[in-house]
Amino acid sequence: MKRVKRRYLALQLETEGVPTEKEFMDAVWGAVARLYGEVGASMTSLALINLDVERKVVVIRTSLATLDYVRASLASINSVAGKEAGVHVLGVSGTIKALLKQL
Amino acid sequence: MKRAFADLHLHINPKDQQTFERLIKRAAKFGYSYVSVPFNYEATQEESEKLRAFCSGFRLDFVLRADLRPRTENELTHCLRKIRRKFEVICVVCDNKEVARQAAKDRRVDLLSFPSLDYHKRFFDRSEAELACNSLAALEVDVTSLLVLEGPARIRLLSSLRREIAIALEFHVPVVVSSGVGDERFMRMPRDMASLGFLFGFDEAYALDAASTNPVAIVKRNREKLSSRFVAPGISVVKEGTDC
């Protein structure tokens with residue numbers, strides 16, 4: 001079976017307070033589903049790797065094939081857990097190690 | 001070489017100093033190189049120089065832009081005659097077909113913009129693209145509507161944009177992606193703004209060009225034309241004096 005290539009994204013979260021991991025991922029899933037539908041969202045293999053509460057930096061994982069979908073969806077997020085928010089992509093990498101070096 | 005990104009449409013009143021300063025600081029933080037705020041055509045040089053000086057403090061290049069909303073083609077040509085040499089970028093917001101066609105064929109127009117919400121007024125069809133490709137006009141897309149709208153309105157806008165972008169690509173009409181933001185919470189980093197282009201059919205390279213190469217080319221071309229050394233495209237004065 002062919003190995004699925006993945007990409008890790010470091011995100012800067014701009015919002016008042018810090019949402020929980022679930023609230024953040026709900027916002028991401030919601031944005032992907034609104035733009036690409038549930039079938040499209042199911043192809044992204046989205047997963048939360050880490051949420052740094054102090055710096056409000058989030059690391060998520062997605063498949064390489066749907067990286068463009070996810071980037072567009074992240075740019076369209078304007079609220080998380082009912083509060084106004086913005087999500088900016090700080091870096092993209094194939095490994096967590098290389099991603100953390102970029103930050 | 002590092003790309004220079006441009007946001008040629010910060011949708012704020014240039015007289016609203018506080019909002020302007022907030023957005024400019026944010027644009028500098030996000031890594032833009034060129035920013036622009038639309039003026040009406042009665043803007044004074046004093047006003048624009050003040051904004052330019054503020055931007056240069058943040059290493060941002062301020063582009064002087066005018067947005068025209070003419071009702072007839074005569075009004076458009078009259079305005080263009082009056083202001084073309086005062087502004088670096090001229091955008092025409094096309095409210096009817098007559099104005100859209102005239103704007104597309106006039107070489108003094110840099111950007112064609114269409115209302116995001118009223119899809120009946122999006123006149124960028126094949127005829128419009130054919131006229132635009134023979135002149136210098138580019139199609140401007142404001143992405144802020146994609147962030148604000150939801151549901152059927154956004155679906156309709158995406159559908160219109162996808163059709164228009166396909167036409168623009170077919171006729172080699174350059175596309176410029178701008179934010180169109182009036183509120184800092186909708187401002188996005190340049191690559192994030194470009195990534196919204198994936199939604200209406202851009203590939204990665206073209207999306208990045210639409211936020212960098214295309215707008216920067218318009219600004220450079222017009223600055224060259226407005227310079228006192230410009231004679232004709234490709235010809236400029238390099239030296240003056242009696243010993244030439």
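These legends walk through close-up views of a predicted model. Local features need pLDDT of at least 70 and side-chain atom pairs count only at pLDDT 80 or more, while totals for chains, interfaces and linings use all residues. Residues are numbered from 1 along each chain as its sequence is written, with chains lettered from A and ligands numbered from 1 in the order in which they are written.

**View 1. The open sheet of chain A.** Here 5 strands line up as β2-β3-β1-β5-β4, with antiparallel pairing. Strands (E, at least two residues) and helices (H or I, at least four) are DSSP runs, numbered from the N terminus; two strands pair if DSSP finds at least two bridges between them. At the edges sit β2 (47-52) and β4 (79-80), each pairing on one side only.

**View 2. β1 beside β3 in chain A.** Strand β1 (residues 6-15) and strand β3 (residues 57-63) pair in the antiparallel sense over 7 bridges. Look for A:Q12, whose bridge partner in β3(A) is A:V57.

**View 3. Where α1(A) meets α2(A).** The two axes come within 7 Å and cross at roughly 135 degrees; axes are lines fitted to C-alpha atoms, for helices over the stretch in contact, and angles run from 0 to 180 degrees between N-to-C directions. That angle makes α1(A) oblique to α2(A), the label for whatever is not under 35 (roughly parallel), over 145 (roughly antiparallel) or 65 to 115 degrees (roughly perpendicular). Among the residues that meet are A:V28 and A:L35 from α1(A), and A:Y69 and A:L74 from α2(A); contact takes C-beta atoms, placed from the backbone, within 7 Å.

Key
Two residues are in contact if their C-beta atoms, placed from the backbone, lie within 7 Å.
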